[in-house]
Amino acid sequence: MANGGPVEHGFPHLETVRDAINALYRRLSPTTVQTFTTSVVPADVAFCDTDDLHLGAQRVAREIVRHFRLPDARLIVCFREMTHAANIELTAGPEYFVELNDRFRTHREDIGAALAHEVAHVYLHRLDLAFPTTAENEILTDTVTTYLGAGWLLLDAYREDGVSSQKLGYLTPEEFGYVLAKRSLLFQEDPSVWFTSAQAYTAYTKGLAQARRDEQQPPLTGAGWAGRRRYAHDRRHAVPSPPGSPYSFAPGPSGDLRVSFLCPTCHQRIRLPVRGRVRARCGLCRTVLECDT
């Protein structure tokens with residue numbers, strides 16, 4: 001939790017975020033992902049100063065648990081001084097003990113954001129889905145929280161001005177915006193209407209621009225003129241692609257040239273023969289892609 005300190009910006013964890021989206025689709029299946037069409041709505045996690053602190057926190061926790069389809073999970077919420085925003089003990093359940101930073105006693109509007117991340121930890125624990133390192137696992141948790149409809153709360157908790165700052169989670173604000181935009185493009189949902197933080201809206205628009213660029217890379221037909229021209233040059237010479245290139249060429253089993261690129265929805269690698277315009281279906285998320293190979 002950045003509390004008055006510097007807030008990292010940009011997309012330094014973008015590769016891990018994309019790996020997390022891909023891992024989510026692999027573990028859940030596209031059908032299950034599609035059951036999360038509705039995000040947590042503000043009314044379900046509203047928390048005013050007149051609400052009892054502990055009863056209100058328990059109520060919000062139940063709403064987040066319900067959103068993640070964990071009806072047999074019960075969160076016991078308490079508050080204490082700590083460095084991080086929150087902490088949870090991942091046990092066999094069904095009860096899970098969550099500690100929230102004392103800061104939330106007076107910043108109750110952000111309790112839903114903190115609990116969303118912790119409930120996602122329980123969700124991933126039960127799925128037995130984890131990344132190798134602690135840092136990668138936290139990025140996975142933030143990504144899943146956001147992609148499944150509760151992470152807009154984490155982005156909305158981001159506030160920054162000339163003298164103070166607050167940010168929850170391990171993704172940068174722009175990376176939260178990117179994952180939220182991925183969800184928005186999938187479900188045709190506009191989360192920006194729920195933001196109370198102007199900085200969150202700005203981060204979302206930057207993330208949306210990055211997400212749209214994923215859909216505008218060759219060999220997708222949505223690529224711009226410059227990208228298509230570069231792709232044609234690389235295809236003609238079949239040159240090795242530099243690191244970070246959205247596509248690469250390699251000979252197929254019968255010696256024909258093939259192009260490899262990531263699905264803009266789930267980031268599964270797709271390989272197609274180089275033969276002109278073709279419609280391809282991603283084998284993982286089933287998205288139909290218009291391509292010009």
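Me: On a 1 Å grid over the protein atoms alone, a pocket is an open set of points where a 1.4 Å probe fits, with protein on both sides within 12 Å along at least five of seven lines; how much space lies in the largest pocket?

Reply: This is a predicted model, in which local features need pLDDT of at least 70 and side-chain atom pairs count only at pLDDT 80 or more, while totals for chains, interfaces and linings use all residues. Residues are numbered from 1 along each chain as its sequence is written, and side-chain values use heavy atoms, without hydrogens and water. A volume is the space filled by probe spheres set on grid points, which are joined across faces, edges and corners. For the largest pocket, this space is about 440 Å³.

Me: Which residues lie nearest the centre of the largest pocket?

Reply: Its lining (residues with an atom within 4 Å of a point) divides into 10 nonpolar, 8 polar and 4 charged residues. Of the 22 lining residues, those nearest the centre are Arg-18, Gly-244, Ser-245, Pro-246 and Leu-262.

Me: Which element gives the most to the lining of the second largest pocket?

Reply: The second largest pocket has a volume of about 300 Å³, and among its 21 lining residues His-84, Ala-86, His-117, Glu-118 and Tyr-170 are the closest to its centre. At least two lining residues come from each of β3 (86-88), α5 (111-127) and α6 (134-147), where helices (H or I, at least four residues) and strands (E, at least two) are DSSP runs numbered from the N terminus. With 5 residues, the element that gives the most to this lining is α5.

Technical notes:
Nonpolar A, V, L, I, M, F, W, Y, C, P; charged D, E, K, R; others polar.
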